Amino acid sequence: MANPWLQLLLSGGSPDDVARLRDQLPESADDAAAALQVLAQLGERRQRAAELAAVYELAVRLTAVRERDALLQEIVTQGRRLLDVDVAYLALREGEGDEDAIVIKVADGTVGPHLKGVRLSLAGGLAGQVMMTGEPFWTSDYLNEPGITHIESADKVATGEQLTSILGVPLRRGAEAVGVLFASMREHRPFAPSEVSLLSSLAAHAVVAIDNAALFEQLAASNAQLRQTAEAVERAAAHHDRLMEIALHGGDIDDVVASLADLIDGPVRFIEVDGDAPAPQEGVHHVPVRGGAHLLGVLELRSDAPPHELDLRLLERSAMTIALIVSAERAATESEWRTTDEVLATLLQDREVDPDVLHRRARSVGLDLQHPHVVVVATPPSEALTATLGAARHVIAATGGLLGRHRGSIVLLLPVDLAEAVKRCGELRPQVTCGVAGPATGQTSLIAAYEDARRCVRVLEALGRSGETTTPGALGPYRYLLSEAGRADAAVFVEAQIGALLAHDRDRGTDLTHTLATFLASGRQHAQSARDLAIHSNTLYQRLDRIAQVVGEDWRTPERSFDLQLALQLHKLAQSTRLDEV
């Protein structure tokens with residue numbers, strides 16, 4: 001019989017449809033919750049797709065406007081419509097030195113002549129804040145906003161138009177801010193990140209359209225270069241159309257780079273970054289790819305000669321399209337992570353979950369709980385998290401299974417044997433500490449394997465062996481720390497071997513325990529131990545004699561020395577991490 005919940009989702013059902021079906025099937029509350037979650041995610045994606053389509057529709061419309069003043073008016077008109085605000089206006093930078101300012105060129109939705117032609121100083125106001133930082137800024141109460149330096153001329157404009165909430169985004173040409181696009185309301189209203197992103201995207205396309213308009217004006221004034229420039233513009237327009245097609249029809253970054261490579265002399269590639277941009281190099285030109293205020297990567301052109309102005313424009317247009325593709329891919333990836341993380345949390349934490357529900361949710365992410373899986377718990381350094389997740393994806397692609405994040409670690413459920421899982425851990429990048437346990441089948445066994453793998457990681461870290469991979473069986477005597485009974489036995493063993501020595505140090509303020517550990521670790525070399533302890537050799541002999549009085553004269557025999565060294569190591573573990581939390 002077909003799954004009614006799947007049929008509902010495939011038929012485009014609504015939350016009301018979910019509620020009605022839940023009433024008909026009262027035992028399916030979990031399925032109803034999952035269906036509502038899927039509907040919400042689909043709604044978010046449809047909304048994002050609609051917004052992107054609207055931005056691209058506007059971008060296409062802007063490229064068709066050639067006259068500069070008409071173009072600027074079209075930009076603010078469409079910006080006001082796109083964000084559904086009371087007023088939109090645009091200012092461009094003019095002048096140099098003391099005369100440097102931005103001038104409001106056009107506005108839409110004003111109630112009087114308060115905006116057009118007003119010069120705004122770069123020394124303060126919201127416009128100055130955006131121009132100086134090159135980043136978007138918004139406030140829901142402009143006149144009382146403490147985050148900006150207020151200047152009289154700007155406040156006067158806001159008062160005259162009764163502007164309360166204002167969002168400003170930079171018009172960037174490369175790394176330089178050449179103006180600001182504003183959206184404003186006459187009432188208190190916060191601007192959502194999606195709205196900031198939308199207006200930023202419109203501003204990016206607006207700069208391209210403004211440059212195109214300026215280029216056509218130059219063409220009209222320069223008949224000598226008309227044919228050459230027209231051909232370049234035609235190429236740029238064709239490339240722009242190609243970029244629109246790539247973005248709207250699910251193309252990828254390689255498609256953008258391939259289209260660009262046909263038009264520019266020199267090798268071009270996209271470099272994704274997670275932090276700072278690559279260092280400058282001679283003969284290498286980088287154009288930043290930004291998603292809002294975040295640097296996503298750079299478009300790199302290798303050329304001995306500086307790139308032509310038109311080539312820079314092509315690179316910048318391509319960078320905008322790549323930014324949208326990367327942002328969409330990251331949003332999709334994060335949505336996938338949320339789903340797998342939730343399934344993993346349910347599997348490893350919720351012992352009361354209905355088995356049928358658990359199996360259905362596991363199957364929805366490609367996990368067969370009836371097949372044995374090895375559990376891998378990986379803890380990379382924070383700076384290597386992104387790279388480790390990428391490597392873990394390749395492991396899952398090769399072996400199958402499930403990848404997710406749980407309790408601060410990366411967790412993989414691999415349908416392979418233990419030896420293969422240990423081998424795959426070597427593909428996760430250096431400095432990643434891995435615990436591996438299993439194979440296990442079913443929720444109860446998988447939870448036990450996960451706890452063993454997690455404790456393996458904790459033991460490795462406590463032993464100072466971060467970056468290694470181990471299994472419970474490979475921990476030697478430390479494997480007993482993986483069970484509650486083993487930890488209790490370890491505590492008894494420590495007390496029997498060095499309890500008297502620990503009590504002696506505690507009561508008399510001595511450090512014979514450290515002396516014994518150092519002496520045994522050196523292979524019972526007196527001279528080396530004295531150097532390590534920074535004491536005279538006679539002092540070392542005196543301490544060793546006192547140790548013999550406390551723990552027994554047989555401490556130098558091989559069997560007793562081994563027990564003492566093991567007890568000292570277990571005590572060190574207890575000092576560095578609570579054994580009952582391992």
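## Close-up views of a predicted model

At 0% relative accessibility, Thr515 counts as buried. Here buried means under 20% relative accessible area, exposed means over 50%, and partly exposed is anything in between, using a 1.4 Å probe and protein chains only. Please keep in mind that this is a predicted model, in which local features need pLDDT of at least 70 and side-chain atom pairs count only at pLDDT 80 or more, while totals for chains, interfaces and linings use all residues. Residues are numbered from 1 along each chain as its sequence is written, and side-chain values use heavy atoms, with hydrogens and water left out.

**View A. Thr515 and its partners.** Thr515 sits in helix 16; helices (H or I, at least four residues) and strands (E, at least two) are DSSP runs, numbered from the N terminus. Setting aside neighbours within four places in sequence, Thr515 is in contact with Leu533, Leu540, Arg543 and Ile547. Contact means heavy atoms within 4.5 Å.

**View B. Helix 16 against helix 17.** The axes of helix 16 (residues 512-521) and helix 17 (residues 526-533) come within 9 Å and cross at roughly 135°, so the two helices are oblique to each other. The contact is made by His514, Thr515, Thr518 and Phe519 of helix 16, and by His526, Ser529, Asp532 and Leu533 of helix 17. Sorted by class, this contact of helix 16 with helix 17 has two nonpolar, five polar and one charged residues. Axes are lines fitted to C-alpha atoms, for helices over the stretch in contact, and angles run from 0 to 180 degrees between N-to-C directions. Angles under 35 degrees count as roughly parallel, over 145 as roughly antiparallel, 65 to 115 as roughly perpendicular, and the rest as oblique. For the classes, Ala, Val, Leu, Ile, Met, Phe, Trp, Tyr, Cys and Pro count as nonpolar, Asp, Glu, Lys and Arg as charged, and the others, Gly among them, as polar.

**View C. Helix 17 against helix 18.** Helix 17 and helix 18 (residues 537-551) have axes that come within 9 Å and cross at roughly 100°, so they are roughly perpendicular to each other. From helix 17, the contact uses His526, Ser529, Ala530 and Leu533, and from helix 18 it uses Ser537, Leu540, Tyr541 and Leu544. These residues divide into five nonpolar, three polar and no charged.

**View D. Helix 16 against helix 18.** Here the axes of helix 16 and helix 18 come within 10 Å and cross at roughly 105°. That makes helix 16 roughly perpendicular to helix 18. Leu512, Thr515, Leu516 and Phe519 of helix 16 meet Leu540, Arg543, Leu544, Arg546 and Ile547 of helix 18. The residues of this contact divide into six nonpolar, one polar and two charged.

**View E. His504 in helix 15.** His504 is found in helix 15 (residues 484-508) and is buried, with a relative accessible area of 7%. The side chains of His504 and Thr510 are joined by a polar contact of 3.2 Å. A polar contact is a pair of N or O atoms within 3.5 Å; within protein, one must be able to donate a hydrogen and the other to accept it, and residues adjacent in sequence count only if both atoms are side-chain atoms. Not counting residues up to four places away in sequence, His504 touches Gly509, Thr510, Leu512, Arg546 and Val550.

**View F. Val207 in helix 7.** Val207 has its place in helix 7 (residues 193-221) and, at 4% relative accessibility, counts as buried. Leu171, Arg172 and Arg173 are touched by Val207, not counting residues up to four places away in sequence. Val207 and Val178 are 29 residues apart in sequence and 8.7 Å apart in space, C-alpha to C-alpha.

**View G. Glu272 in strand 7.** Glu272 lies in strand 7 (residues 268-272) and is exposed, with a relative accessible area of 51%. From C-alpha to C-alpha, Glu272 and Val289 are 8.8 Å apart in space, and they are 17 residues apart in sequence.

**View H. Backbone details at Pro439, Gln162 and Arg407****.** A cis peptide bond, with omega about 0°, joins Gly438 and Pro439, and Pro439 is found in strand 13 (residues 433-440). Gln162, in the loop between helix 6 (152-161) and strand 5 (165-173), has phi near 60°, a positive value in a residue other than glycine. Gln162 is exposed, with a relative accessible area of 53%. Arg407, in the loop between strand 11 (402-406) and strand 12 (409-414), has a positive phi of about 55° although it is not a glycine.
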